[in-house]
Each structure stands twice: as C-alpha cells, then as structure tokens.
Amino acid sequence: AFVSSIRLTDIYDYLSYLSRDRLQHQNSEISNKGLSPASRARKLATIRSFFNYLCNKRHLLEENPCKDVDTPKQMKALPRYLTLEESERLLNSVDGMHKERDFCILTIFLNCGLRISEISGMNLSDIRSDHIRVLGKGNKERVVYLNDATAQAINDYLIVRRDIAAVDRNALFLSSRRTRITREALHAMVKKSLLR
C-alpha cells in the first residue's frame, strides 16, 4: 500500500515543501510562499497522529515514519505591554456610566495579570481585604494579593456595586442589564478604553 511506502525522507521532503514552496493563501493569485513554523508544526502533528493510529490502533504499520521528526521551532512573540505613563493615561481616560467598574477592572488587569475570563467569573465572595481568590483555567484556584491601588479601586467600586439590584447577586462585575459581565463585553470595554 502507498501509506506503507512512506519513509522519513518523504516526511522531510514534505516539510521542506511547506517551508519553501507552499503558498500561504492557496486560493489567492497573490500569495507569499512558505508556511510559518506554527502552521508546519500543526500539519506535522496531524500526520504524526495519523501514523500513530495506523501503527497502534489498526496495526497496519510496524513503525511510525514521523517518530524521529523534530517539530519546527517556533519563535515566542514578546508580550505587548503598556509603559507606566501609558497605564496612567489609560486609567485617567476612564469615564461614563460605569466609571468605577471600568476603572476597577482596568486596575486589576494592570496590577494582577488576570485573564478576561477570570475577571468575568469573579464573585463578591472572592474579595478579601488584601487578596482575591481567582478561579483559573482547569478550575484551579489561586490567591492574588492586592497592592494599595487595586484594593482602593475595588473598595470604590464595591460602594457603587452595593446599590445595584443585580440579577446575579454574587457576580462582582455587572453589565448594564445587571447580569454578570461577559468576556465579550469586557474585551470591548478594554479595547474602547485603549483607543480613547
């Protein structure tokens, strides 16, 4: 069978084709050639899984021709960050109907490094005087200690939050509809604040 005739050199030839000759946008007449290391790594992972299936589940092949192939090295992109001055300008630009909420959220982002989903999922019961309890990826719980600026921003927001008859009474951050703020709404708010 054709599949059993594939050797390690064929895999390397295919990876070489992907890195040099494969059009980045196959349906476009104007396209650069050569896929990124991330794209090549995804394609190699698919081929490796396919051959693992043929070897280990179907027992159609003795050996996986991909097993010794190294995954293409990927450059780690440096994170984009704000300078102290930019951070101060961002916080000073906060305005509008939800000023205290938005200021609190941005302060937590800047000082605590939480994910959008973690901020969206925060409850009133997660707040302590000097720390917050965070439920992260994989339902892993961790404690994040607060600096004075963050603790003050949370306290200022809690004064406003106390007077809101929320639909979700335990949600810390609320939308205009008094329900838990969604990740999409948080993302839009941050983007809007950055543009402003």
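**View 1. The hairpin of strand 1 and strand 2 in this predicted model.** Between the two strands of the hairpin lie five residues, and Gly138 takes a positive phi near 70° there. Strand 1 (residues 131–135) and strand 2 (residues 141–145) run antiparallel and are joined by five bridges, where strands are DSSP runs of E with at least two residues, helices are runs of H or I with at least four, both numbered from the N terminus, and two strands pair if DSSP finds at least two bridges between them. Ile132 has Val144 of strand 2 as its bridge partner.

**View 2. Gly34 in the loop between helix 1 (8–20) and helix 2 (37–57).** Gly34 counts as buried because its relative accessibility is 7%, buried being under 20% relative accessible area with a 1.4 Å probe and protein chains only. Leaving aside residues up to four places away in sequence, Gly34 touches Leu18, Ser19, Arg20, Arg22 and Gln24, a contact meaning heavy atoms within 4.5 Å.

**View 3. Helices at the lining of the largest pocket.** Helix 4 (99–112) and helix 7 (183–195) each supply at least two residues of this lining, and helix 7 gives the most, with four residues.

**Notes.** Residues are numbered from 1 along each chain as its sequence is written, and side-chain values use heavy atoms, with hydrogens and water left out. Because the model is predicted, local features need pLDDT of at least 70 and side-chain atom pairs count only at pLDDT 80 or more, whereas totals for chains, interfaces and linings use all residues.

Definitions and conventions. Buried < 20%, exposed > 50% of the residue type's maximum accessible area, 1.4 Å probe, protein only.
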